[in-house]
Amino acid sequence: MAYMDEHHYLLIIAYLEGRSTETETQYLLQKVQEEPTFSEAFEDIAEIWSARKPLPDKGGEAHDVLAGLNLKIDELEPRESFTHAPETPGIKRTATIVNLRRAIAIAAALVIMAGAFWVYKVNRNSNGNTGASLAETHTGVGQKRKIKLPDGTEVMLNSSSSLQVATAFGNDKREVYLQGEAWFDVKRDPQKPFIVHTAQVATQVLGTHFNVSAYQTDSNIVVSLVQGKVQVDMDNDPAKRVILDPGKQMTYSKKSKTAKVTEFVTDDITGWKENKLVFDYDSWPDAAKKLSRWYGVPVELKNGELLRCKLKGTFDNMPLAKVLQQISMVSDISWKTEDKKVVISGKCN
Amino acid sequence: MEDIDLIARINANDREAFNALFLKYYALLIDFCKYMGAKPEDGKDVIADVFLDLWVKREKLQINSSLKSYLYGAVRNKLFTLSGKAMQMQLLPEEHAYNHAAADELRPDEILLRKDRKMLIERFINELPEQGKVIFLMSWQHQLDHHEIAQILNISPNTVKTHLYRALNYFRKRILFVK
């Protein structure tokens, strides 16, 4: 057998892979006809190349890994609208809930589970009859929507939010996935825990009234409880556990990863349901985001000093201009409209 | 759909394109992880991580070379980070290369196998030294050209050429005895 040089081997491979240029192809064909040793090498390599087997089919595994990846991405950055991985029969999304068993044992009525690092796993469903597709409701900017779930639970979805309901909803658990803000009036059913999943916090209840605000762009996650008792776990750290009483709310800071519990006025938290725009000592950056979600216009803060101010107030069903006018009457801000966005400047007073 | 179109759509926030890209490359990349000696679970994690990065960076994603090389290269880097070692590809002198294969003897089972070229070639591949095997498989099974392989493995194109050259000569020599 006559050895050839590296260059010619690579040319033959390129030809077999369909990567060779027209000139190279002509050159190879000529050599094959004229040189028996080259022809022999060409045949050997062609034979080796034709022995290539297709890669094993990894379709099922690929979909599993992709489903897990999509959940991870959704946790990192909730989207305006959900589009999940292609549907794979026999796969069910299940949340791994840290300390769930213990939590259920402790809190007979209501349990809120929270974890800054929430791990979702995709488990193969043994009986293989549960699809992964989720029914979805989505609200645009300035929209609100009331949803009635199959178990009788009522959900009011605030603007720029999404709620997905698992197809397995009600089988043994009632699981929904929330991005943004919603008010829940959960039909009591101790046999079937109701779980609201958000990016960092999962709230588990058996039946209650509560509000969850978990906009990805906001700096805090707020769980406000109206009735019952709740337990909140954060960062998977039992030492940080908090028990909430009615009328109390937990504010979890994504930045410091700490939570504080404060009293709240029900109207401040649930006012949005009655079309009341409420600022409850919101920082101006958060207030600006709220305004832009509420009215569907980008709101920009021009003055750095504003970033440190807080805002308190309720605006009942008012147009944006009126809201800004009222705020400017009590504080030192001015605003203007530029390129279809609102620019606010001023300072704290 | 071509990679370039998928990337353009991913740049524009298209999750369906992202999913399609993942499914297009998963089987190849998991196979590549296997060549690189990764455990199957590590391979899955690493591939998911690479795609997670790709999505997070989607808006400023600039892939100068081919997307394929980018994905393989990123998987390789993550595997090395995971195993905590910076593996160096080096070309050993040829006499080190095929010491576990006796090329001039035909074993009885090889005679039985002579009809089954595919199985035979698979065996020859396993007889290659570790790096030669990875490079040959990247060329043969994964259809990467020698520039792409060099870029992914962070070695010179000449080293890739030499490995391919040695592997092919070795196969030809082995096949000759089976013919």
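In this predicted model, a salt bridge (a side-chain nitrogen of Lys or Arg within 4 Å of a carboxyl oxygen of Asp or Glu) links Lys146(A) to Glu154(A), with an N to O distance of 3.8 Å. Lys146(A) is exposed at 60% relative accessible area, whereas Glu154(A) is partly exposed at 29%; buried means under 20%, exposed over 50%, and partly exposed in between, with a 1.4 Å probe and protein chains only. Local features need pLDDT of at least 70 and side-chain atom pairs pLDDT 80 or more, while totals for chains, interfaces and linings use all residues. Side-chain values use heavy atoms, without hydrogens and water; residues are numbered from 1 along each chain as its sequence is written, and chains are lettered from A and ligands numbered from 1 in the order written.

In chain B, Asp3(B) and Lys24(B) form a salt bridge whose closest N and O atoms are 2.6 Å apart. Asp3(B) belongs to helix α1 (residues 3-11) and Lys24(B) to helix α2 (residues 15-35), so the pair ties together parts 21 residues apart in sequence. Helices are DSSP runs of H or I of at least four residues, strands are E runs of at least two, and both are numbered from the N terminus. Asp3(B) is buried at 16% relative accessibility, and Lys24(B) is partly exposed at 38%.

Lys44(B) and Glu41(B) also form a salt bridge, at 3.3 Å between the closest N and O atoms. Both residues lie in helix α3 (residues 40-56) of chain B, three residues apart.

Overall, chain B has ten helices and zero strands, and 52% of its 179 residues are buried.
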